[in-house]
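Subject: Structure for your review

Dear colleague,

Please find below the structure I promised to hand over. I should be grateful if you would read the notes that follow with the model open beside you.

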Amino acid sequence: IPRRLPPAPPAGRRPAAAHPPPAGRRGAGGRREAPKGGAFRQRDPAGQEELKLVLKLRNILVSHPDRVMSLRDLGRFRRDLGLTRKRRLIALLKRFPGVFEIVEEGVYSLRFRLTPAAERLYLDELYLRNESEGLAVAKLRKLLMMSLDRRILIERIAHLKNDLGLPSNFHDTICLRYPQYFRVVRMDRGPALELTEWDPELAVSAAEMAEEENRAREAEERNLIIDRPLRFNRVKLPKGLKVSRGEARRIEKFREMPYISPYADFSHLTSGSPEKEKHACGVVHEILSLTLEKRTLVDHLTHFREEFRFSQSLRGMLIRHPDMFYVSLKGDRDSVFLREAYKNSQLIEKSHLVLLKEKMRALVAVPRFPRRGGPRTGEETEGPNGAAQGYNEGSDMEDDEDDDFSDMEDLIGELGGKSDNSGYRWGDGWVGESDGSPPDFGDGDDSSPQEVEVPKSKSNTTNDANDDSSVPVFPDGRQRERW
């Protein structure tokens with residue numbers, strides 16, 4: 001019996017695939033197929049992955065004399081840069097004209113170096129790091145003072161070195177320069193850093209210092225406002241945070257518990273008890289206060305379960321306290337932010353290293369082809385003999401680089417898709433592994449805390465499990481898991 005063929009499509013129409021792949025599905029070879037109607041990969045809006053790549057290149061460059069390097073020597077670092085395929089390095093360097101400039105020496109000899117603006121930022125960074133070494137030592141001492149045995153494995157501290165602003169080789173520098181504070185001990189799981197001297201002046205948390213300032217401010221306000229007995233307990237929450245009345249009662253009850261200092265002895269606290277959770281929240285609050293940008297990855301905190309006796313569900317504990325922490329689900333791994341340190345997604349107090357990082361990010365974002373007639377940046381006009389201008393406007397070296405720049409897009413996308421950066425050896429303490437841009441904590445320009453009225457009667461004895469309130473959600477409307 002002859003096989004019946006399907007009817008031919010009408011004229012002018014292309015036959016549809018029998019099983020079209022869904023949008024974003026991975027095809028052969030692991031490559032993600034582009035969804036219909038747009039590109040499948042979006043560039044990082046904050047330039048986080050590009051900044052990581054530029055800092056890798058910069059740290060390779062500054063290790064050479066006079067901070068000048070040939071492109072042939074740079075080819076030896078392809079594997080360290082993540083260049084698995086053969087790509088033109090000149091296309092990678094010319095992608096960032098605000099940071100690197102290419103110098104011709106002869107017909108076949110090309111070298112590159114930092115632009116004058118990037119050179120100044122690098123020298124300023126070296127100066128700040130030398131001046132702030134005492135602050136880095138104090139942070140490391142405070143971290144050890146909060147641990148159970150005043151001892152932490154060095155490989156675990158390395159997870160927080162970028163967030164704390166420690167040198168990349170802190171175990172060979174500041175740990176050995178200050179034997180009066182630190183001692184390296186050998187353990188079964190590797191070398192550990194042990195505290196040798198306890199300083200009671202450092203054993204004061206950021207929450208305790210903020211509480212003293214709040215009491216002084218309230219004392220001044222009390223002299224101006226008539227005291228009246230409140231009918232409701234006022235629970236101040238960040239603006240935009242939607243919580244049910246049951247959650248507000250739970251938050252109020254947790255706040256009324258006595259404060260347990262993160263530097264106090266917690267060996268007697270029972271795991272899973274409210275007191276232990278109070279102490280764990282204080283430890284996380286203090287660690288985030290020590291970081292440069294008041295944030296870190298949740299995975300970084302989970303490495304310290306043994307030293308601080310964190311529960312197995314550390315992420316759930318952070319979500320249970322939205323008045324203190326904000327857990328962002330952007331990126332491959334979750335990030336935790338200290339709410340009180342941000343206002344409308346902007347860090348309130350920025351250190352000098354954070355300001356330098358923002359300036360470096362601005363140099364990375366300098367376009368290769370500026371708009372015609374638009375004002376040129378200082379980085380494009382500071383090159384010797386107009387070298388940077390010539391490369392930005394286009395010259396005889398731009399004939400076959402369009403494909404190379406598309407390869408650079410693939411490279412940055414591949415680097416951004418990697419969630420495990422344990423082999424990253426070129427970090428200098430500026431860029432952590434958390435998401436590039438913090439979320440918007442508020443609904444509008446006004447970020448003043450909102451107040452939830454909670455009746456005093458039976459507020460502490462009501463069972464929250466029987467509360468028929470709505471399901472808790474994040475500030476952006478997404479449903480939050482219950483605990």
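In what follows, two elements are said to be in contact when they have heavy atoms within 4.5 Å of each other. Please also bear in mind that this is a predicted model.

The sheet

I begin with an open sheet of 3 strands, whose order is S4-S6-S5 and whose pairing is antiparallel. Strand S4 (151–153) and S5 are the edge strands, each pairing on one side only. From one strand to the next, the twist averages 30°.

How are S5 and S6 held together in the sheet? Strand S5 (residues 182–187) and strand S6 (residues 190–195) run antiparallel and are joined by 6 bridges. A hairpin leads from S5 to S6 through 2 residues. In this pairing, Met-187 stands opposite Gly-190 in S6.

The pairing of S4 with S6 is likewise described as antiparallel, and it extends over 3 bridges. Two facing positions can be located here: Arg-151 stands opposite Glu-194 in S6, and Ile-152 stands opposite Leu-193 in S6.

Is S6 mostly covered or mostly open? Strand S6 is mostly covered, with 5 of its 6 residues buried.

The helix across the sheet

Which helix lies across S4, S5 and S6? It is helix H6 (residues 133–146), which runs at about 95° to S6.

The expected span is 1.5 Å times one less than the number of residues. The 14 residues of H6 should therefore span 20 Å, and this agrees with the model, because the end C-alpha atoms of the helix are 20 Å apart.

Helix H6 is also mostly covered, since 12 of its 14 residues are buried; here, buried means under 20% relative accessible area. Among the buried residues of H6 are Ala-136, Val-137, Ala-138, Leu-140, Leu-143 and Leu-144.

Yours sincerely,

A colleague

Terms used: Residues are numbered from 1 along each chain as its sequence is written. This is a predicted model: local features need pLDDT of at least 70, side-chain atom pairs count only at pLDDT 80 or more; totals for chains, interfaces and linings use all residues. Side-chain values use heavy atoms; hydrogens and water are left out. Two strands pair if DSSP finds at least two bridges between them. Helices (H or I, at least four residues) and strands (E, at least two) are DSSP runs, numbered from the N terminus. Axes are lines fitted to C-alpha atoms, for helices over the stretch in contact, and angles run from 0 to 180 degrees between N-to-C directions. Buried means under 20% relative accessible area, exposed over 50%, partly exposed in between (1.4 Å probe, protein chains only).
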